[in-house]
Amino acid sequence: MAQSYEEMDAVAMLKADHRKVEDIFEAFEKATSPAKKQALAQQACLELKVHTTIEEDIFYPACRGKIEEELLDEAYIEHDSAKMLINEIEAMSPDEDFYDAKVKVLSEAIEHHVEEEEKRAEGMFAQARAAGLDMDALADAMRTRKATAMEEFQAGKPAKTRTMEGDDVESAKATRTEEPAIAPN
Ligand SMILES: [Fe+2]
Ligand SMILES: [Fe+2]
């Protein structure tokens with residue numbers, strides 16, 4: 001029986017998000033009406049904004065200093081390039097020039113990024129597991145953040161980059177400081 005979202009550990013949760021977005025992009029490919037295409041593209045963009053937020057606020061900072069540095073740095077850049085396309089797509093209507101092309105290129109960029117995260121042995125998730133991160137605690141923190149992020153983005157907040165010109169890049173170098181499980185007396 002499939003695991004419920006509430007029971008998943010951090011990696012299972014992030015992978016479930018990946019599968020969901022892949023399904024949406026697949027449906028977009030098959031869609032023919034502009035209204036349907038737009039609904040699907042916007043759904044993919046929303047899911048991706050929430051997903052990149054929980055990774056960047058919780059999972060990536062927990063990985064910082066514990067896994068390969070370049071892999072993590074590249075992941076932030078991949079997120080930011082995706083976010084720039086996401087913000088463009090969200091502001092467009094499907095009859096505009098390059099709409100389909102932007103959605104297609106976004107889906108391909110995400111496919112590559114997901115592979116870097118999920119790759120066996122040297123992928124980000126595999127390295128994080130090998131480093132002994134507490135995947136249950138991270139899952140709880142991500143579930144909590146996911147709920148607030150969903151509200152923020154459903155209210156229309158655009159995706160925010162961290163590593164591009166003018167950004168506070170320090171936020172992409174943060175290390176996660178975990179609160180002690182039991183409060184000190
Ligand atoms: Fe991811
Ligand atoms: Fe990611």
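Biologist: Which residues does Leu133 touch, leaving out those up to four places away in sequence?

Modeller: Leu133 touches Ala62, Lys66, Ala128 and Leu138; two residues are in contact if their C-beta atoms, placed from the backbone, lie within 7 Å. Before we go on, this is a predicted model, in which local features need pLDDT of at least 70 and side-chain atom pairs count only at pLDDT 80 or more, while totals for chains, interfaces and linings use all residues. Residues are numbered from 1 along each chain as its sequence is written, with chains lettered from A and ligands numbered from 1 in the order in which they are written.

Biologist: Why is Leu133 called buried?

Modeller: A residue is buried if 20 or more other C-beta atoms lie within 10 Å of its own, exposed if 12 or fewer, and partly exposed in between. Leu133 has 22 other C-beta atoms within 10 Å, so Leu133 is buried. Leu133 is found in the loop between H5 and H6; helices (H or I, at least four residues) and strands (E, at least two) are DSSP runs, numbered from the N terminus.

Biologist: What makes Phe98 and Ala121 exposed?

Modeller: Phe98 has 12 C-beta neighbours inside 10 Å and therefore counts as exposed. Ala121 has 7 such neighbours inside 10 Å, so Ala121 counts as exposed too. Phe98 sits in the loop between H3 and H4, and Ala121 in the loop between H4 and H5. Neither is a glycine, yet Phe98 has a positive phi of about 70 degrees and Ala121 a positive phi of about 65 degrees.

Biologist: And why is Ala39 given the label partly exposed?

Modeller: Ala39 has 16 C-beta neighbours inside 10 Å, so the label is partly exposed. Ala39 lies in helix H2, and its C-alpha atom is 9.9 Å from that of Ile24, 15 residues away along the chain.

Biologist: How do you know that H1 and H2 are roughly antiparallel?

Modeller: Their axes come within 9 Å and cross at roughly 160 degrees. Axes are lines fitted to C-alpha atoms, for helices over the stretch in contact, and angles run from 0 to 180 degrees between N-to-C directions. Angles under 35 degrees count as roughly parallel, over 145 as roughly antiparallel, 65 to 115 as roughly perpendicular and the rest as oblique. That makes H1 roughly antiparallel to H2. H1 also passes H2 in a left-handed crossing (left-handed if the near helix is turned anticlockwise from the far one by less than a right angle, right-handed if clockwise). The residues making the contact include Leu14, Val21 and Phe28 of H1 and Leu40, Ala44 and Phe59 of H2.

Biologist: What makes H3 roughly antiparallel to H4?

Modeller: The axes of H3 (residues 69-91) and H4 (residues 99-118) come within 10 Å and cross at roughly 160 degrees. H3 is therefore roughly antiparallel to H4. Among the contact residues are Leu85 and Ile89 of H3 and Leu106 and Ile110 of H4.

Biologist: Why do H1 and H4 get the label roughly antiparallel?

Modeller: Their axes come within 11 Å and cross at roughly 155 degrees, so H1 and H4 are roughly antiparallel to each other. H1 passes H4 in a left-handed crossing. Val21, Phe25 and Phe28 of H1 are among the residues that make the contact, as are Val103 and Ile110 of H4.

Biologist: Which residues touch the most other members of the largest nonpolar core?

Modeller: In that core of 26 residues, they are Ala10, Ile58, Phe59, Cys63, Leu138 and Met142. A nonpolar core is a set of buried Ala, Val, Leu, Ile, Met, Phe, Trp, Tyr and Cys residues joined through C-beta atoms within 7 Å. H1, H2, H3, H5 and H6 each supply at least two residues of this core, and H2 gives the most, with seven. Leaving aside neighbours within four places in sequence, Ile58 is in contact with Leu138, Ala141, Met142, Arg145 and Arg176. A second, separate core has 16 residues, including Ala44, Ala82, Ile89 and Ala159.
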